[in-house]
Amino acid sequence: MMNRLATGKLPFVLIAIMMAMVLSSVMRAQGNGEKLYNANKCATCHGADGAANSPTGKALKARDFHSPEVKAEKDSDLSAVITNGKGKMPAFGKQLKPAEIAELVAYSRALGNK
């Protein structure tokens, strides 16, 4: 009887552990994304909040991460812009690893959802 109870709870325990691991990695990626965002001076154009309301952002017409257009873009599209640049946006593909670019995309998304 005790084994059946323990076995019945096992899937729930495993799901809880997996969710904790995923949340932990997402939080860690966003923390690293914030560091990358600040270290690469993304906030100079896109602003600390991602709204592109900085003087430089306004002058360059930087994209607001809160805009429906940016929110509608695929992560792969945002990664391509960070990697290759676009318009006045410089390319960062030579300075950043693909994992770091993915962290910047995740952080940009988080800013856009605040």
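Me: Which helix does A80 lie in?

Reply: A80 lies in helix α5. A helix here is a DSSP run of H or I with at least four residues, a strand is a run of E with at least two, and both are numbered from the N terminus.

Me: What kind of model is this, and how are residues numbered?

Reply: This is a predicted model: local features need pLDDT of at least 70, side-chain atom pairs count only at pLDDT 80 or more, and totals for chains, interfaces and linings use all residues. Numbering starts from 1 along each chain as its sequence is written, and side-chain values use heavy atoms, with hydrogens and water left out.

Me: Back to A80. Why does it count as partly exposed?

Reply: Because its relative accessible area is 33%. Buried means under 20%, exposed means over 50%, and partly exposed is in between, using a 1.4 Å probe and protein chains only.

Me: How far is A80 from I101?

Reply: Their C-alpha atoms are separated by 9.1 Å. Along the chain, A80 and I101 are 21 residues apart.

Me: What about T83: where does it lie?

Reply: T83 is in helix α5. It is partly exposed, with a relative accessible area of 27%.

Me: Which residues does T83 touch?

Reply: Leaving out residues up to four places away in sequence, T83 touches A91, F92, G93 and I101. Contact means heavy atoms within 4.5 Å. The C-alpha atoms of T83 and Q95 are separated by 9.0 Å, and those two residues are 12 apart along the chain.

Me: And S76, how far is it from A102?

Reply: The distance is 8.8 Å, C-alpha to C-alpha, across 26 residues of sequence. S76 lies in helix α5. At 48% relative accessibility, S76 counts as partly exposed.

Me: N84, then. Buried or exposed?

Reply: Exposed, at 55% relative accessibility. N84 is found in helix α5. Its C-alpha atom is separated by 9.0 Å from that of K94, a residue 10 places away along the chain.

Me: Zoom out. How many helices and strands are there?

Reply: The protein chain has six helices and zero strands. The pattern along the sequence is α-α-α-α-α-α.

Me: What share of the chain is buried?

Reply: Buried residues make up 27% of the 114 residues. The chain exposes about 8,000 Å², and carbon and sulfur atoms supply 65% of that area. Those areas come from the Shrake-Rupley method with a 1.4 Å probe; for residues, only the protein chains shown count as cover.

Me: Which residues touch the most other members in the largest nonpolar core?

Reply: Y37, F65, I82, L96, L104 and L111, out of 14 residues in that core. The elements giving two or more residues to this core are α1 (2-39), α5 and α6. α6 supplies the largest share, five residues. A nonpolar core is a set of buried Ala, Val, Leu, Ile, Met, Phe, Trp, Tyr and Cys residues joined through side-chain atoms within 4.5 Å.

Me: What does F65 contact?

Reply: Setting aside neighbours within four places in sequence, F65 contacts Y37, H46, G50, V70, K71, S108, L111 and G112.

Me: Last topic. What is phi at K41?

Reply: It is near 60°, a positive value in a residue other than glycine. K41 lies in the loop between α1 and α2. At 58% relative accessibility, K41 counts as exposed.

Me: And A52: buried or exposed?

Reply: A52 is buried, at 7% relative accessible area. Its phi is near 60°. A52 is found in the loop between α2 and α3 (55-60).
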